[in-house]
Amino acid sequence: MIKRLWYWFNNLSIKYKLLSSYLFLIVIPLGLFLLVNTVITSNETERQALSTARRLLSQTKSFLELKTATVRNTLNNIALNDTVKEIVSRHPQVYRRDIGLWSVDATRLNRVFLTYKSNTAIANIQLYMKSGLALVFQNEDFKDLNQVKVTTAPWYQQLLSGADLLRWYPKEYFSSSNGEKYLYALRKISSEQDLMESIGVIKADVPLQDFQSILDQAVYTKATATLLVNENLEIICTSTGSRYQTSQSIAPILAGLKTKVFEGSYWQKMNLRNEKLLVGLDNITKSDWILLMVIPYRDILALSVQSNQRMLLIFILITLATIPLAFLIAASATHRLQSLTLQIRNVETGKNAVTVPTKGNDEIDVLTRNFNNMLMRITALMEEKYRLGQEIKSLELKALQAQINPHFLYNTLDLINWMAVRTKTPEISRVVEALSQFYRLSLNKGEDTVTIASELKQVQAYVKIQNMRFNNCIRLSITVPPEIQACKILKLILQPLVENSIQHGILEKDQETGTIQIQGSIEAGTIRLAVIDDGVGMTPEQTARILTEGGGSGPNGYGVKNIHERLKLNYGEAYGLSYQSKPGKGTRAIITIPAPK
């Protein structure tokens, strides 16, 4: 699949490649930015949601503790009230003897209840007595604690068996005569003679709505549920609209938190029936209640959806606005390339006189100018080629004529040598033989390369001729190993250097005598040949100038610069000719060529 896409992309025109590249460079970073922003926004929303939920849970806990503390204080005050303790502790026989006392004590109790009910949110107060007035007279406010239906009631059994003086009960434990829903707080009334003995129970009816309104204030999202659960894992109260209304519905959550229940404030993430939840709980001080907050994660994530939707809309708008702009830029960039391509096609058909106008200095304009320059150079080269073609025909004729010159030279030298022998002049014969050998080695049957041994023989012939001319003033020493002599080298390399050493080195001395050494070595894949003389030498300025300006080398016209350039052209830039010289000390010319592999 990737190969097909790559093949398709490679076959697109440059305009559409540029367009695709522009869109890729714009859409990919924007997409990555959108993705990163979505992740960051979601994480930040989650952190903010958790922080807000913690704050709401803490505030709700404070309100509930204030509410329960108010009820607890009210019941404590009633239980410790002298009038209440007096009436609850009085023996029933007293009331049987004095019926008028019933009305007096009932009025006194109602006055006490009315006082506390008017200052709190308690809807109703009931007093259960083991003794006292309730055993001879009962109404909605006074109840006999000795009745079977009371002593066997679950609330009484739990209160009696527990160590706490006060206990809260959900609405299921009592029935309401007016249809209202209440939470019930019951407190034991202890005997003054034995604090462990309970002589009565005071019950306060607190409207369930009061607690529900507190829990509603903690509803953070639409599906958030806040609940009050007691130590029996019974639901005391829930926020309005909560989907957790029964102990069975909340049991899986409580089961996941059971190790943390009643251990203080705690938050936990959990999965319940394929739904991710954030659950927080805290204890209500001086009660057996825990406050539970359940927030579906989908609600938390929904808080960041609006922000992400805005970012997505911006991304789409930028992408849509970028497409025509990228197309215009790509078309503008490729228009000049298309013009250049058209002109190249014209050149292919033979129209070399065309030129492409340029207006700027960008890469396309540089390419266009280079094309124009190349076209002009091609035109000039074609004209030069035509001219050279005419000259080559002329030179071919001259070369044909010059082919007879070597044979004519050899024949002439043989004639001179025969005449010298005939006239018994051996000096002339030796000169002619040396000159004949020199030219034969120089011509080398038209080949461009010779062995180093052949070059050395040519140098020996040349020095022999010069010694005949200058009374044996030149001493030649050759130290070149046989394995080097067998290697190939360009012809006419050593002889011009030896000629320079004689003409510009040794013969410039006062004595006009000297020694020329030719040394050879091979190392690290490189052959080095050194021509060393003890002539007048050169200054550093002359040494630096000799390879750039060249030096004459006799009638053959081969200069030092020519030798250096021939070596570099044939063997590469790493090879060539170098000089070392000091005035009055002589000169060392060093040739480097690659050794054969």
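Arg108 is partly exposed, with 23% relative accessible area (buried is under 20%, exposed over 50%, and partly exposed falls in between, using a 1.4 Å probe and protein chains only). Glu86 is also partly exposed, at 34%. These two make a salt bridge, with their closest N and O atoms 3.1 Å apart; the term covers a side-chain nitrogen of Lys or Arg within 4 Å of a carboxyl oxygen of Asp or Glu.

The pair links distant parts of the chain, 22 residues apart: Arg108 belongs to helix α5 (residues 100-119) and Glu86 to helix α3 (residues 82-89). Helices (H or I, at least four residues) and strands (E, at least two) are DSSP runs numbered from the N terminus.

## What you're looking at

This is a predicted model, where local features need pLDDT of at least 70, side-chain atom pairs count only at pLDDT 80 or more, and totals for chains, interfaces and linings use all residues. Residues are numbered from 1 along each chain as its sequence is written, and side-chain values use heavy atoms, leaving out hydrogens and water.

## Glu231 and Arg167

Over here, Glu231 and Arg167 form a salt bridge at 3.2 Å, N to O. Glu231 sits in the loop between β6 (225-229) and β7 (235-238) and Arg167 in strand β3 (residues 166-169), so the bridge ties together parts 64 residues apart in sequence. Arg167 is buried at 12%, whereas Glu231 is partly exposed at 41%.

Glu172 is exposed at 55%, while Lys171 is partly exposed at 29%. Elsewhere, salt bridges with shared partners join Glu86, Arg90, Asp105 and Arg108 into one network. The salt-bridge count comes to 15.
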